[in-house]
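Look at the chain below, then read the notes on how its parts pack together.

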Amino acid sequence: MADGFTWAYGMVLAASLLPIVSAGIAKKIGARDSGGFDNSDPRAWLEQQRGAAARANAAQQNGFEVLPFFIGAVLIAHQLQANQTWIDLLAIAFVLLRVVYVWCYVVDKATLRSLVWTAAFGVNVAILLLGAF
């Protein structure tokens, strides 16, 4: 990566795009199952979806919910000059866990989804605490 732009910063971008991907999955599945997508009122349309489309939409919402903590953890770790390799590796792990989380949500693996969410949360806490040690 370019000087100053770390892998962890790249993972912030990836984590920021993941909710948009989740929304796309929700719309694609919902349009397939309901015969079309209402782009004039997409939020109301998504609220009416059931099954995998509704779960993909919920994954989107959760993706936006976890984003501030992840961004903050990465920025704080950088600011505290934590070990860059560890920041990068943990940020990559966080994004990979979030990808698995979305998959678990869409295919309705609720228990595994909760375990993956907990692991991603733990990784995020670890990123935040890297600068303390």
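## Contacts along the chain

Of the contacts in the chain with a separation of 6 or more, 71% are between residues 24 or more positions apart. Contact means heavy atoms within 4.5 Å. This is a predicted model, in which local features need pLDDT of at least 70, side-chain atom pairs count only at pLDDT 80 or more, and totals for chains, interfaces and linings use all residues. Residues are numbered from 1 along each chain as its sequence is written, and side-chain values use heavy atoms, with hydrogens and water left out.

## Overall layout

The chain has 5 helices and 0 strands, in the order α-α-α-α-α along the sequence. Helices (H or I, at least four residues) and strands (E, at least two) are DSSP runs, numbered from the N terminus. The C-alpha trace spans about 55 × 30 × 20 Å along its principal axes.

Buried residues make up 39% of the 133 residues; buried means under 20% relative accessible area, exposed over 50%, and partly exposed in between (1.4 Å probe, protein chains only).

## Helices α3 and α4

Two packed helices are described by the angle between their axes and the distance between the axes. For helix α3 (residues 51-79) and helix α4 (residues 84-106), the axes come within 9 Å and cross at roughly 170°. That makes α3 roughly antiparallel to α4. Axes are lines fitted to C-alpha atoms, for helices over the stretch in contact, and angles run from 0 to 180 degrees between N-to-C directions. Angles under 35 degrees count as roughly parallel, over 145 as roughly antiparallel, 65 to 115 as roughly perpendicular and the rest as oblique.

Residues of α3 that meet α4 include Ala59, Val66 and Phe70. On the α4 side, Ile87, Phe94 and Arg98 are among them. By class, this contact of α3 with α4 has 15 nonpolar, 4 polar and 2 charged residues. Ala, Val, Leu, Ile, Met, Phe, Trp, Tyr, Cys and Pro count as nonpolar, Asp, Glu, Lys and Arg as charged, and the others, Gly among them, as polar.

## Helices α4 and α5

The axes of α4 and helix α5 (residues 110-129) come within 9 Å and cross at roughly 160°, so α4 and α5 are roughly antiparallel to each other. The contact of α4 with α5 has 18 nonpolar, 1 polar and 2 charged residues.

## Val66

Val66 is in helix α3 and counts as buried because its relative accessibility is 15%. Leaving out residues up to four places away in sequence, Val66 touches Phe94, Arg98, Trp117 and Asn124.
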